[in-house]
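Here is a walk through a protein structure, taken one step at a time. Have a look at the model first, then read on.

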Amino acid sequence: MAAADDLQFEEFGDPSTSLAANSDATISIEDPGETPKHKSGPPRSSRREEDDELLGNDDSDKTELLAGQKKSSPFWTFEYYQTFFDVDTYQVFDRIKGSLLPIPGKNFVRLSIRSNPDLYGPFWICATLVFAIAISGNLSNFLIHLGEKTYHYVPEFQKVSIAATIIYAYAWLVPLALWGFLMWRNSKVMNIVSYSFLEIVCVYGYSLFIYIPTAILWIIPQKAVRWILVMVALGISGSVLAMTFWPAVREDNRRIALATIVTIVLLHMLLSVGCLAYFFDAPEMDHLPTTIATPNQTAAAAKSS
C-alpha cells in the first residue's frame, strides 16, 4: 500500500515528494501577496510621464527624435503633406487655449506644439480671420452710416482678397524671415534652443486666434472700444510670441536679443493696427454715393465752362 501511495503522489506531482527526491533542486515560488507591487509600476510610470509632458521636460524632445527616425515620403506625394494635418480636435483646442492663456515660464512650443506641429490649425485660423475681418468691416461701415439719407450701401467684396493677402503673407513670410534669422544666429552663437520652420508657422498661426473674436467685436461703432479691444488682443498674442522666442535669442548678444523681440512685437502690432485702420476706420469719402451724370447735366456743365 505504501508503494501504491507513493506512485499516486508522484502521478499528481506532490511538491514535498519531488523535493525529497532531489534535495539539490531549487524551487522559485512567487508570493501571491507581492504581485500588487509588481503591477503598481506602470501606473506610477505613466503618471510620471504625464507630469513630464505637462512641464515640458525631455519627453517632447524624445518624441521629436523618434518622429525624425520615421521614414518620410517624398515632397511631391500627398502623404508628405498629409502629415502636416495629422492632428485631432483635442490637440487643436489645447493649442488654442495655450495661445489665449500664456503661462509665464512655460514654453508654448515645448508644451503644446513640439510633439506634433501641424498646419491644420494655422490654416483654418487664418481663413476664419480673413472672413471675420472682411464681413465685420462691411457690417461696421454699414452701421456707422445707417440712417444717413445720402448713404447707399455697396458691399466691398475686395476686402476678402485684401484681407487674405495680408493675413497669409504675415503668417508665412514673417515666420520664414524669423526662421532664417534664428538659423543664422545659431551658427554664430551656441544655443540649446532651436525651432523648426513648421514650429514657427504653427506658433504664429495659433497666436492669431485671439483676433477672430476681436474682429467680430470691432463691429461696435465706437473707436474707443475698438482700440481697447485691439490693445487687449495685442497684449495676449504678443506675449505668446515674446515668451516663445525669447529662449531662442537670450543667449545671443543682449542688444540683438532685445531688438529681435521688439521687432517681432512691432510687426504684430503693425498687423493688428493696420487691419483696424484699413477695414474699420476708413475715410468717409469712400462711402459717399456716386452720382451718375445725365446728358443734360453734362451739356450744362460744358456751357458754363
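Of the 305 residues in this protein, 31% count as buried. Keep in mind as you look around that this is a predicted model. As for secondary structure, you'll find 15 helices and zero strands.

Let's start on the inside. The largest nonpolar core has 49 residues. Which residues have the most contacts inside it? They are Ile 133, Ile 167, Leu 182, Tyr 204, Leu 208 and Phe 245. At least two core residues come from each of H7, H8, H9, H10, H11, helix H12 (211–217), helix H13 (223–249) and H14. The biggest giver is H13, with ten residues.

Pick out Leu 208 to see how these parts meet. Setting aside neighbours within four places in sequence, Leu 208 is in contact with Ile 125, Cys 126, Leu 129, Ile 167, Tyr 170, Ala 171, His 268 and Leu 271.

You'll find His 268 in helix H14. Is His 268 buried or exposed? With a relative accessible area of 0%, His 268 is buried, because buried means under 20%. Apart from neighbours within four places in sequence, His 268 is in contact with Tyr 170, Ser 207, Leu 208, Tyr 211, Leu 234, Ser 237, Gly 238 and Leu 241. Look at Leu 234 in particular: Leu 234 and His 268 are 34 residues apart along the chain, yet their C-alpha atoms are separated by 7.5 Å.

Now step back to the helix that holds His 268 and to one of its partners. The axes of helix H10 (residues 158–186) and helix H14 (residues 254–279) come within 12 Å and cross at roughly 180°. That angle makes H10 roughly antiparallel to H14, since anything over 145 degrees counts that way. On the H10 side, the contact is made by Lys 159, Ile 162, Ala 163, Ile 166, Ile 167, Tyr 170, Val 174, Leu 178, Phe 181 and Arg 185. On the H14 side, the residues are Ile 256, Thr 260, Ile 264, Leu 267, His 268, Leu 271, Cys 275, Tyr 278 and Phe 279. Sorted by class, the contact of H10 with H14 has 15 nonpolar, two polar and two charged residues.

Leaving out neighbours within four places in sequence, Lys 159 is in contact with Ala 134, Gly 137, Asn 138, Asn 141 and Phe 279. Lys 159 also forms a salt bridge with Glu 156, with the closest N and O atoms 3.0 Å apart. Both Lys 159 and Glu 156 are buried.

How many salt bridges are there in total? The count comes to four. Another of them joins the side chains of Asp 118 and Arg 95, at 2.3 Å from N to O. Asp 118 lies in the loop between helix H8 (108–113) and helix H9 (120–144), while Arg 95 is in helix H7 (residues 89–100), so the pair ties together parts that are 23 residues apart in sequence. Asp 118 and Arg 95 are both buried.

The side chains of Arg 114 and Glu 199 meet in a salt bridge too, at 3.2 Å from N to O. Arg 114 sits in the loop between H8 and H9 and Glu 199 in helix H11 (residues 197–207), so this pair ties together parts that are 85 residues apart in sequence. Arg 114 counts as buried at 10% relative accessibility, and Glu 199 counts as buried at 2%.

Two last stops are worth a look. Ser 112 has its place in helix H8 and counts as buried at 11% relative accessibility. Not counting residues up to four places away in sequence, Ser 112 touches Asp 94 and Arg 95. Asp 88, meanwhile, is in the loop between helix H6 (78–82) and H7. Asp 88 is partly exposed, with a relative accessible area of 41%. From C-alpha to C-alpha, Asp 88 and Tyr 120 are 9.5 Å apart in space, and 32 residues apart in sequence.

Terms used:
Residues numbered from 1 in each chain as written. Predicted model: local features only at pLDDT ≥ 70, side-chain atom pairs only at ≥ 80, totals over all residues. Heavy atoms only, no water. Axes fitted to C-alpha atoms, helices over the stretch in contact; angles between N-to-C directions. Helix = DSSP H or I, 4+ residues; strand = E, 2+ residues; numbered from the N terminus. Parallel < 35°, antiparallel > 145°, perpendicular 65-115°, else oblique. Contact = heavy atoms within 4.5 Å. Nonpolar A, V, L, I, M, F, W, Y, C, P; charged D, E, K, R; others polar. Buried < 20%, exposed > 50% of the residue type's maximum accessible area, 1.4 Å probe, protein only. Core = buried A, V, L, I, M, F, W, Y, C linked by side-chain atoms within 4.5 Å.
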